[in-house]
Amino acid sequence: MKMYTPRLTGTVTKYVFVESPEMTPSDLAIRAYEISQGVMIKETCFGLQVTGKEEDVNRIIDSLRALDPTRIFVKDRGFPPGDPRRCRANLGGARPGYFGHEFEMGLVRFISRGLSALPSRKAEDIPRPPAPGKGERLDAARLKEIIESQES
Amino acid sequence: MAKVFIFPTTSLILSDLVARFGHTPLSAAMQIREIIQTPGLESPPLQITPEDPKKGLRWAAVEVPSGVRGRMSLYGPLLDRAEAAIIVNNADYSFGCMGCARTNELLMFLIRKKGIPVLDLEYPANEEEGVEFVAAIKRFLDSLPGGRA
């Protein structure tokens, strides 16, 4: 086994997703480049990846969020951009992990609506979501019956 | 400011909302970052080595498959730090292979056994449910230590 030397140690990477009719990822990237001060910015089809020291990344993200607070979403990323273990340039085809993003990006418009509508509603007017159903489970006695019917 | 475990651990929506309402989301990315920024033996893609299933013994019994124990070495430290948890129950994309599915079940069990405040939700399917979803998360986060309530 080879020894492993990590790169970009001490940095954090964050994804910035934008789902807005008023702003594109390239608008966001231009704004991020203006204030980047040496922080690595990578423009993507859904938004940006920002890599650098935590305080610098947070400063940029706070500034970007202010542009469209209810339609810009941020999350941490474990790998830095272009890492050969994850980058599509090395792997070929779609990289693992985008299935979750793809699914949630289909729902963020509902979250944006929630974030924009919430401040204007009175607390007593906000309905509580129903508790998730447990679904019907297979009874142990019924399972035993099935097993016995297969054995006989 | 409380440390809030999120499930699915890779969720963009939960990670964003927890940070937006003033708390720290505990997501898989933070743990992966820690692992891949630690020097050692090269073991791509996630730097999981044969040592990790041994570390996973802290959260899973020795009879549990190594795939689950290896995954628990990733999620277990997050679980130990968690002061609250938000769980989305109908996140089908987090099912994955059998190792992921069983690890998810063990995670759910350990979260509930830990006795921390837990918020159970389902993903919204329309705008009104979106308002309910965000309101429920805000209400829950505000009630935690360091919240805005």
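Two strands pair if DSSP finds at least two bridges between them; helices (H or I, at least four residues) and strands (E, at least two) are DSSP runs, numbered from the N terminus. This is a predicted model, in which local features need pLDDT of at least 70 and side-chain atom pairs count only at pLDDT 80 or more, while totals for chains, interfaces and linings use all residues. Residues are numbered from 1 along each chain as its sequence is written, and chains are lettered from A in the order in which they are written.

Select strand 1 of chain A together with strand 3 (residues 40-41) of chain B. The two run antiparallel and are joined by 2 bridges. Within this pair, Tyr4(A) stands opposite Gly40(B).

Next, show the whole interface. Here 38 residues of chain A are in contact (C-beta atoms, placed from the backbone, within 7 Å) with 41 residues of chain B. On chain A, strand 1 (3-4), strand 2 (12-18), strand 5 (72-77), helix 4 (98-105) and helix 5 (108-117) each supply at least two residues of the side that touches chain B. Color helix 5 of chain A: its 7 residues are the largest share of that side.

Chain A has 6 helices and 5 strands, in the sequence pattern β-β-α-β-β-α-β-α-α-α-α. Its C-alpha atoms fill a box of roughly 75 × 60 × 25 Å along the principal axes.

Last, color chain A by burial. Buried residues (20 or more other C-beta atoms within 10 Å of their own, with C-beta atoms placed from the backbone) make up 26% of the 152 residues in chain A.

Notes. Two residues are in contact if their C-beta atoms, placed from the backbone, lie within 7 Å. A residue is buried if 20 or more other C-beta atoms lie within 10 Å of its own, exposed if 12 or fewer, and partly exposed in between; C-beta atoms are placed from the backbone.
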